[in-house]
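This report describes helix packing, nonpolar cores and selected residues. The sequence and structure come first.

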Amino acid sequence: MLYQQGSAWNLVSAMMPTKPGEGIVKTSGMEVYVDPRAEWKQMFNEVWRGGRDFFYDPNLYGLDIEKAKKLYAPYLEVVAHRDDLNYLFREMLNQIVVGHMFINGGDQSRTDSVSVGLLGADYKIENNRYRFARVYNSENWNPQVRAPLTAPGVNVKAGEYLIAVNGREVSAADNIYSFFQNMAGKQIVIKVGANPNGKDAREVTVVPMGSENGLRNLA
């Protein structure tokens, strides 16, 4: 709080205790409009300035930094995306000829990904069905190399057919992975059997995994 006494302003709020949460400036609703090309030009200049002022060899291994900057400046005019800018930075900074020079990140567009559940198996197509060509072994006590198809009570074997997933019949014309979208780590019911027509098929509950890397590496 400020108050005026005569012609002087006195700040008293600095001496007054505040409660948690008070005095916070809310920034969540703030938006800033930027001109990407103007921003990229500024960054281009700052990258060269940073190299000039902070590289551990003041001579930059003999590189004429102003000459190099002029050489690469025209490419800035055709940059259309932050990935382009990063590529330009990598190429021009390579002129310093030093290891451990990295450029990445920045203001890049990102899309939400859709996870796909995996059963830890290879497939082949036979009789208009997906057939398990290989079921990977596991260490089911280790979460990193858990195999959904070898869990107790599941015991799917190579040579069996995948007949259905959560009640939806699966044929060779289908993209098999479409049946497992957003299913990693969730219980689903699959129907498997020795006959492609589904005769004597059984239903088992499995929990697909998000990555088979550990499982395949173990194999």
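A crossing of two helices is called left-handed if the near helix is turned anticlockwise from the far one by less than a right angle, and right-handed if clockwise. Helices (H or I, at least four residues) and strands (E, at least two) are DSSP runs, numbered from the N terminus. The model is a predicted one, in which local features need pLDDT of at least 70 and side-chain atom pairs count only at pLDDT 80 or more, while totals for chains, interfaces and linings use all residues. Residues are numbered from 1 along each chain as its sequence is written, and side-chain values use heavy atoms, with hydrogens and water left out.

## Helix packing

Helix α1 passes α3 in a right-handed crossing, and α1 passes α2 in a right-handed crossing as well. The table gives the axis geometry; axes are lines fitted to C-alpha atoms, for helices over the stretch in contact, and angles run from 0 to 180 degrees between N-to-C directions.

| Helix pair | Axes come within | Crossing angle |
|---|---|---|
| α1 (residues 36-54) and α2 (residues 65-72) | 11 Å | roughly 160 degrees |
| α1 and α3 (residues 82-93) | 12 Å | roughly 20 degrees |

Angles under 35 degrees count as roughly parallel, over 145 as roughly antiparallel, 65 to 115 as roughly perpendicular and the rest as oblique. With axes crossing at roughly 160 degrees, α1 is therefore roughly antiparallel to α2. With axes crossing at roughly 20 degrees, α1 is therefore roughly parallel to α3.

Contact here means heavy atoms within 4.5 Å. Where α1 meets α2, the α1 side consists of Phe44, Asn45, Trp48, Gly51 and Arg52, and the α2 side of Ile65, Ala68, Lys69 and Tyr72. These residues divide into five nonpolar, two polar and two charged. In this classification Ala, Val, Leu, Ile, Met, Phe, Trp, Tyr, Cys and Pro count as nonpolar, Asp, Glu, Lys and Arg as charged, and the others, Gly among them, as polar.

Where α1 meets α3, Trp40, Met43, Phe44, Val47 and Trp48 of α1 touch Arg82, Leu85, Leu88, Phe89, Met92 and Leu93 of α3. This contact has ten nonpolar residues, no polar ones and one charged one.

Asparagine 86 is also part of helix α3. Buried means under 20% relative accessible area, exposed over 50%, and partly exposed in between (1.4 Å probe, protein chains only). Asparagine 86 counts as buried because its relative accessibility is 2%. Not counting residues up to four places away in sequence, asparagine 86 touches Ile103, Asn104, Gly105 and Gln108.

## Nonpolar cores

A nonpolar core is a set of buried Ala, Val, Leu, Ile, Met, Phe, Trp, Tyr and Cys residues joined through side-chain atoms within 4.5 Å. The largest has 19 residues, and Phe132, Leu149 and Ile190 have the most contacts inside it. At least two residues of this core come from each of β4 (129-135), β5 (161-165), β7 (188-193) and β8 (202-206). A second, separate core has 18 residues, including Phe55, Leu63, Tyr72 and Leu88.

Isoleucine 190 is located in strand β7. A relative accessible area of 0% is why isoleucine 190 counts as buried. Beyond four places in sequence, isoleucine 190 touches Leu119, Leu149, Leu162, Ala164, Val165, Arg202, Glu203, Val204 and Val206.

## Loop residues

Glutamine 187 sits in the loop between β6 (168-169) and β7. Its relative accessibility is 66%, so glutamine 187 counts as exposed. Leaving aside neighbours within four places in sequence, glutamine 187 is in contact with Thr205, Val206 and Val207.

The loop between β6 and β7 also holds asparagine 182, which is partly exposed at 38% relative accessibility. Phi of asparagine 182 is near 60 degrees, a positive value in a residue other than glycine. Most residues other than glycine have a negative phi. Asparagine 128 likewise has a positive phi, near 60 degrees, and is found in the loop between β3 (121-126) and β4.

Proline 152 lies in the loop between β4 and β5. Proline 152 is exposed because its relative accessible area is 77%. The C-alpha atoms of proline 152 and arginine 129 are separated by 25 Å, and these residues are 23 apart along the chain.
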